Each structure stands twice: as C-alpha cells, then as structure tokens.
Amino acid sequence: MNVFFLTDLEGIGGITDIDFMDRRGEKYAQARILLSQSIDLAVRTAFDSGADSVYYLDGHGGGGNVIEDMVDPRAQKCNITEWQQLLREGMIDCQIELGSHARAGTVGGFLDHTISSREWFCHKVNGREMSELSMHALICGAYGVPVVACIGDDAACRQAKEYIPDIYVGAVKFAEQRNYATTYGNSDEIVRKTVVEALANYKSVSIYQIDEPITVELTFYRTDFCEKVLSRYGSDVTRTSARTLQRKLKKITKYEDLKF
Ligand SMILES: [Zn+2]
C-alpha cells in the first residue's frame with residue numbers, strides 16, 4: 001500500500017487565526033511546526049497501518065512550509081510534478097488530504113478559498129463548484145486513485161462528503177468566523193483515527209470521476225485578473241463574461257489544466 005498525503009496549512013489543528021498565514025509574522029513559525037508535527041503523526045500512523053511507501057506534498061502557497069527534519073525520514077517529499085508522475089505510473093494506491101479548508105464562499109469555513117484568496121471567486125467543472133479537495137480528487141480519479149480521507153476544519157470535512165460521500169473525515173477544528181478557529185482538544189487523536197480507518201478501508205472508497213469532455217470555468221474577483229490569464233492563452237480559452245473564463249478539455253490529464 002502506497003499512500004500520498006497532500007497537505008495544506010489552513011486546516012491543521014492549532015492554526016487558529018489568519019495571522020498564522022503571514023510568512024513575515026511570528027505565528028507563521030508556529031504554523032510550520034504544527035504542520036510538520038501533523039504530517040509526522042499522519043506518516044507514522046500510515047506506516048503503522050501497513051503502508052509500504054508514504055509520500056507527501058507541501059501544498060500550501062507553493063511549498064516551503066514543512067520543516068523536513070521534523071517528519072519521519074521514511075516519508076518522501078514530492079513536488080506537484082512528482083505527485084502527478086507517481087499517479088500516472090500507478091505508484092499511489094490512495095491519497096489523504098491533510099490540512100484541508102473549504103472552498104471559496106463557505107459560511108463557517110476557516111480561511112475559505114479556492115486556490116487564490118485574492119483572485120479566484122468561483123471555480124467550476126461541468127457546472128459544479130469545485131474545492132481544492134475536489135480538484136485534487138479529479139486528478140487522482142483520472143488515474144483511478146481514490147482520495148480516501150479529508151482532515152481539516154469542520155466545513156472542509158462536511159464539504160468533502162458532497163463530492164465523495166464515502167470519504168473518511170476527521171475535523172480537527174471549527175470556525176466561528178472566517179478568520180478564527182477553535183481546535184478540538186483531541187485533534188491528534190482525530191488525525192490518527194482518521195488515517196487508521198481510511199487506510200484500513202481504502203479499497204472501498206469511491207474514485208471521484210466526472211464525465212468527459214469537461215468544461216472548466218473560472219470566475220475572478222476582478223476583470224483584470226481575467227485579462228491577465230487571457231493574454232497567456234489566446235484562443236484555447238473563451239471569456240464568457242467580464243470576469244469568467246471557460247476552457248474545454250477532452251479529458252483531464254494534468255492538474256495545471258484545471259487552473260488555466
Ligand atoms: Zn493553503
């Protein structure tokens with residue numbers, strides 16, 4: 001059993017306000033430690049559950065968040081290209097999202113956003129609004145790999161089940177307002193239990209797939225964000241409204257295609 005952890009920062013236990021995201025701020029140093037501890041716990045649990053290989057991706061803001069020395073050295077760190085290569089080569093049996101947050105526009109979602117808090121308003125595939133988890137699950141699904149667990153805030157976990165009803169979820173915190181969260185006292189136990197249960201049953205979790213060809217639609221907050229992307233793509237992409245771009249694909253083969 002080869003397990004991949006796709007990690008993010010927002011949904012990690014102990015990260016309780018927006019200041020933890022500021023790389024120049026004091027709280028960010030603490031956020032890195034919490035993330036690394038959480039990944040280490042998940043990795044060790046996966047090996048204890050019988051995993052042969054464990055990989056992880058430092059997915060937040062282009063990486064640079066994980067303190068690698070704090071993570072069990074048996075795990076291999078990957079970048080986005082290596083993640084997709086492993087999927088393509090059939091090297092991954094299942095994926096777990098660790099540190100997940102809800103999609104843009106979710107009441108009660110801690111730091112809710114999709115890819116870019118500043119630029120992206122709404123991302124749809126075949127008319128359905130996507131979250132980062134569902135975008136990852138689509139790429140995994142294209143290679144027959146299930147996303148078997150979501151560990152993150154309460155709203156992220158609830159939302160994960162909209163896309164994958166039988167996914168295992170572990171909520172480690174909840175948000176009273178977008179920028180403030182409260183972590184559950186047993187968050188480490190929740191991480192451990194979710195990984196154990198998901199890996200014990202990984203073969204039974206549905207693979208997230210969507211009918212092809214697919215239509216990807218991205219609505220930005222401002223018209224100039226739209227124009228910036230349009231200037232890079234030309235005729236492959238249609239501007240369907242002032243703020244929205246649309247792109248049609250015969251099939252999904254890479255993550256970058258979903259992000260324009
Ligand atoms: Zn993030």
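Author: Buried means under 20% relative accessible area, exposed means over 50%, and partly exposed lies in between (1.4 Å probe, protein chains only). The model is predicted, so local features need pLDDT of at least 70 and side-chain atom pairs pLDDT 80 or more, while totals for chains, interfaces and linings use all residues. Residues are numbered from 1 along each chain as its sequence is written, and side-chain values use heavy atoms, without hydrogens and water.

Reader: Is Tyr184 buried, partly exposed or exposed?

Author: The relative accessibility of Tyr184 is 28%. Because buried requires under 20% and exposed over 50%, Tyr184 counts as partly exposed.

Reader: How many aromatic pairs does a search of the whole structure find?

Author: Rings of Phe, Tyr and Trp (its six-membered ring) pair if their centres lie within 6.5 Å; planes under 30 degrees apart are stacked, over 60 edge-to-face, and the rest tilted. By this rule, the search of the whole structure gives six aromatic pairs.

Reader: Which kind of aromatic pair do Phe121 and Tyr221 form, and how many residues apart in sequence are the parts that the pair ties together?

Author: The centres of Phe121 and Tyr221 are 5.4 Å apart with 85° between the planes, which makes the pair edge-to-face. Helices (H or I, at least four residues) and strands (E, at least two) are DSSP runs, numbered from the N terminus. Phe121 belongs to strand S5 (residues 120-125) and Tyr221 to the loop between strand S10 (214-220) and helix H6 (223-233), so the parts tied together are separated in sequence by 100 residues.

Reader: Which kind of aromatic pair do Phe174 and Tyr184 form?

Author: Phe174 is in strand S8 (residues 168-177), and Tyr184 is in the loop between strand S9 (180-183) and helix H5 (187-200). Their rings are 5.6 Å apart, centre to centre, with 35° between the planes, and the pair is therefore tilted.

Reader: Which side chain of opposite charge is nearest to Asp8?

Author: Lys and Arg count as positive and Asp and Glu as negative, while His and the chain ends are not counted. Asp8 is buried and has no salt bridge, a term for a side-chain nitrogen of Lys or Arg within 4 Å of a carboxyl oxygen of Asp or Glu. At 8.3 Å, the nearest side chain of opposite charge is that of Arg23.

Reader: Where is Lys124, and how far in space is Lys124 from Ala75?

Author: Lys124 is located in strand S5. In sequence, Lys124 and Ala75 are 49 residues apart; in space, C-alpha to C-alpha, the separation is 33 Å.
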